[in-house]
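This briefing covers one structure, shown next.

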Amino acid sequence: MLSSPWARFSSNSCCLCCHVRTGTIILGVWYLIINSVVLLILLSALTDPDQYHLTSAELGGEFEFMDDANMCIATAISLLMILICAMATYGAYKQHAAWIIPFFCYQIFDFALNTLVAISVLVYPSTIQDYLRQLPSNFPYKEEIMSVNPTCLVVIILLFISIILAFKGYLISCVWNCYRYINGRNNSDVLVYITTNDTAVLLPPYDDPANGAAKDPPPPYVSA
């Protein structure tokens, strides 16, 4: 029997201990908590700007850390992420496959961005040193990081990004398998419902089980 090439990668378990549906719910709740914390920090920064305001002297540059426009954009993104994560959690819990699609698209987008970062580091390794020079002078361990051999620094960063990409790819596969599982289960339920209804329709009226007992067949028609 021929099967889809993606079937070999599909599994109903994740992390070797739980179902993909449970794993998707846990993942959605985890992202929901993180984005809620970020939203609370942003809202507190909007209500009290002096507490989170960093001057250009503290940053060692001629720019501000974050102005009101950027804060509003970050707040809107956090609200959107909370909505997407809540939809994924609800969709996995109530077995609505369509509700998981926005969260899956976000995962693909995030994976693509991290892949572009890895490619840019590999193609332009000198950008790492340029980025380190732009950091504030009081940034923790700035001098120690800049003293590392540039080649070793690139290898370490690429290895770190590769581990992150592998982990993100595994999470993407878990969410995708959850979507396939819920979608396949819903389709099978629809087929069972249709088959059951067709069987009920094909029953003769005198064998209708809803009446409690079988009826006698009608007498044959005799012409005069």
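Over residues 100-125 the chain is 88% helix and 0% strand, with the end C-alpha atoms 37 Å apart. Helices (H or I, at least four residues) and strands (E, at least two) are DSSP runs, numbered from the N terminus. The model is predicted: local features need pLDDT of at least 70, side-chain atom pairs count only at pLDDT 80 or more, and totals for chains, interfaces and linings use all residues. Residues are numbered from 1 along each chain as its sequence is written, and side-chain values use heavy atoms, with hydrogens and water left out.

**Annotated segments**
- The unreviewed UniProt entry lists residues 29-46, 73-93, 100-125 and 145-167 as "transmembrane region"; such annotations may be inferred rather than shown by experiment, and positions follow the numbering used here, with feature names shortened.
- Residues 145-167 are 87% helix and 0% strand, and their end C-alpha atoms lie 25 Å apart.

**Helix 5**
- The end C-alpha atoms of helix 5 are 33 Å apart, which agrees with the 33 Å that its 23 residues should span at 1.5 Å a residue (the expected span is 1.5 Å times one less than the number of residues).
- Buried residues (under 20% relative accessible area, 1.4 Å probe, protein chains only) in helix 5 include F103, Q107 and D110.

**Cavity**
- The structure holds one cavity of 30 Å³ or more, a cavity being a set of points on a 1 Å grid over the protein atoms alone where a 1.4 Å probe fits but cannot get out.
- The volume of the largest cavity is about 50 Å³, taken as the space filled by probe spheres set on the points, which are joined across faces, edges and corners.
- Y31, Y106, Q107, D110, K168, L171 and I172 line the largest cavity, lining residues having an atom within 4 Å of a point.
- Helix 5 (101-123) and helix 8 (150-202) are the elements that give two or more residues to this lining.

Technical notes:
1 Å grid on protein atoms, 1.4 Å probe; cavity = no way out; pocket = protein on both sides within 12 Å on 5 of 7 lines; lining within 4 Å. Buried < 20%, exposed > 50% of the residue type's maximum accessible area, 1.4 Å probe, protein only.
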